[in-house]
Amino acid sequence: MEKDIREKTTAQLLVECLENEGVKYIFGIPGEENLELMSAIKDSHIQFITTRHEQGAAFMADVYGRLTGRAGVCLSTLGPGATNLVTGVADATGDGAPLVAITGQVGTERMHITSHQYLDLTKMFEPITKRTKLVVKPDTISEIVRLAFKYAEAERPGATHIDLPVNISKMNVDSSEKPLKRESIHRELASERVIEDAADVIMESKNPVILAGSQAVRARASRAITRFAEDLKIPVINTMMAKGIIPRDNPYALMTVGIPQYDYPNKILEEADVIICVGYDLVEFAPSRWNQNNNKKIVHISSRPAHINKHYQCDVQAVGDISDTLNRIVDSINVRGNYDRTVSPEIMELKERFQNAYREVCEDSSFPMKPQRIVHDVRSVMGRHDILVSDVGAHKMWIARLYNCYEPNTCIISNGFATMGIGVPGAIAAKLINPDKKVITITGDGGFMMNSQELETAVRLKLNVVVLIMNDSSYGLIKWKQMDQYGETCYTDFTNPDFVKLAEAMHCIGYRVTKADDLVPILNEAFSQEVPVVIDVAVDYDENVKLSRRLKEWKEREEEMNRA
């Protein structure tokens, strides 16, 4: 019997809905239960990126969502394919990146019995997504897809999940079924009374500090924060995921907060009487770390009400469009005409001390290389618009602390869920959507080996992604924490393959740095290639414990001076 031309399959309608959402790429691996969907994708305008592991696919969708603000899409089959997505999906929710995960599933006629590869995927994805739905009727697909994207992209962004049974995917739907339109959302603005209340608190403060978080990046509030800081002469500290929210060469730009040790930014926050939290996300840097005694006045500026936390009791909550709120507070204060402030000499002294300590190590030519020198050299060859994707490990702390940024989304750090293995697939996504920018990932040897197989994906896509491996043959961050807490290490060491030969075997180019002064020339050559490049750099992570010791001694001196 011929197929009714007025009908199409559920899978075809799903793909129409994805096209309607503006989806350009789907990252994933085909499977038996999503063959109908794969066929529909093949006939669409969407490019399917075949990855080598579902976790890599999820990380690519994760970073795509974070950089574009539109949900990245990843796809797997049922069972083990779906479980492989979990870490990347959870990372998207933890980091506030919009993502839609689509999984194949057994037919609905098999769900009530023990069945090969069957898992209740909606239950599995429920705690790590904002919304998860099983498709049980073909004519619901347009609503389910629209809801998935709406929830994924709404503030605070995160992952959603659609589970598509194989028999449902093949069922016909009437051709009258169409994708639902994307609705435009009007900006919500903070009330005038709240603007005036925030202005009052700031004008009465003696030592205010801005703490900028990842929502400020998503809200594209960089220009407004910079103006706010300059007009009101208030210094800015950013979280790891808000690096670049104010240009690093701006005089009011301070440092990045969030490493485990008590650092210079902690001291600045400790001395402040008012903390102006702009797009601040508690998941990145707990308020107990800067308001332990609940003695700070807090001005909360966000598009969402503040989370409940006993150390985050806000004096003013200005909820609405972040840029609008910041600009109106500045205008309110400027109109009053009696505002006069300078940044305290103590803050500027700390900033200078921090910069001087960094400069000293940047010239160190010892080998294995100091992590500070590696970060400095990478920064020297990267333009202001180029993108560094940090994997998670000891190197992340050095990047967060020392890598200077001049624009948002030029240094991507996972610091909500903070997941090892994101570096290589994340860099692939970044390069895919920014082909004219240099893209590098700095990763540890541990994180690199978790998703090194995605180098083949980069080769196939002809992407010049540069992968710099800080090689110490151990899980360096855990070793650092062991040394800080116990004075000894255990179970953290391992051996590595020859990374240069591994790169060459995967049709990439490999370099091994053998002296510190060679890194910059190698980086420049790496970025001139047309294929992925792997750079193996031996790192001296004795610097980790030295940093802990220096910061501890400095903190003790500060406390002693305060007691005196």
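Where is the place of Lys 462? The place of Lys 462 is in the loop between α18 (455-460) and β18. Helices (H or I, at least four residues) and strands (E, at least two) are DSSP runs, numbered from the N terminus.

The model is predicted: local features need pLDDT of at least 70, side-chain atom pairs count only at pLDDT 80 or more, and totals for chains, interfaces and linings use all residues. Residues are numbered from 1 along each chain as its sequence is written, and side-chain values use heavy atoms, with hydrogens and water left out.

**Exercise 1. Backbone exceptions**

Task: describe the phi of Lys 462 and the cis peptide bond that joins Phe 367 and Pro 368.

Solution. Start from the general rule: most residues other than glycine have a negative phi, and most peptide bonds are trans. Lys 462, although not a glycine, has a positive phi of about 60°. Next take the bonds. Between Phe 367 and Pro 368 the peptide bond is cis, with omega about 0°, and Pro 368 lies in the loop between α13 and α14. The bond from Glu 155 to Arg 156 is also cis, with omega near -10°. Arg 156 sits in the loop between α6 (141-153) and β7 (159-165).

**Exercise 2. The sheet with β13 and β14**

Task: give the strand order of the open sheet that includes β13 and β14, and find what packs on the sheet.

Solution. The open sheet has six strands in the order β11-β10-β9-β12-β13-β14, with parallel pairing. Two strands pair if DSSP finds at least two bridges between them. At the edges are β11 (253-257) and β14 (316-319), each pairing on one side only. From one strand to the next the twist averages 20°. Strand β13 (residues 297-302) is joined to β14 in the parallel sense over four bridges, and Ile 301 has Ala 318 in β14 as its bridge partner. Helix α8 (residues 192-204) packs on this sheet and touches β12 (274-278), β13 and β14; contact means heavy atoms within 4.5 Å. The direction of α8 makes about 135° with that of β14. Angles run from 0 to 180 degrees between N-to-C directions, and axes are lines fitted to C-alpha atoms, for helices over the stretch in contact.

**Exercise 3. The sheet with β15 and β16**

Solution. Strand β15 (residues 387-390) runs parallel to β16 and is joined to β16 by three bridges; Val 389 stands opposite Ile 412 in β16.

**Exercise 4. Two helices against α22**

Task: classify how α19 and α15 lie against α22.

Solution. First, α19 (residues 476-486) and α22 (residues 542-563) pack at an angle of about 40°, with axes 9 Å apart. That makes α19 oblique to α22: angles under 35 degrees count as roughly parallel, over 145 as roughly antiparallel, 65 to 115 as roughly perpendicular and the rest as oblique. The crossing of α19 past α22 is right-handed; a crossing is left-handed if the near helix is turned anticlockwise from the far one by less than a right angle, and right-handed if clockwise. Gly 476, Trp 480, Met 483 and Asp 484 of α19 meet Asn 544, Val 545, Leu 547 and Ser 548 of α22.

Second, the axes of α15 (residues 394-402) and α22 come within 11 Å and cross at roughly 50°. That makes α15 oblique to α22, and α15 passes α22 in a left-handed crossing. On the α15 side the contact is made by Ala 394, Trp 398 and Arg 401, and on the α22 side by Glu 543, Asn 544, Leu 547 and Leu 551.
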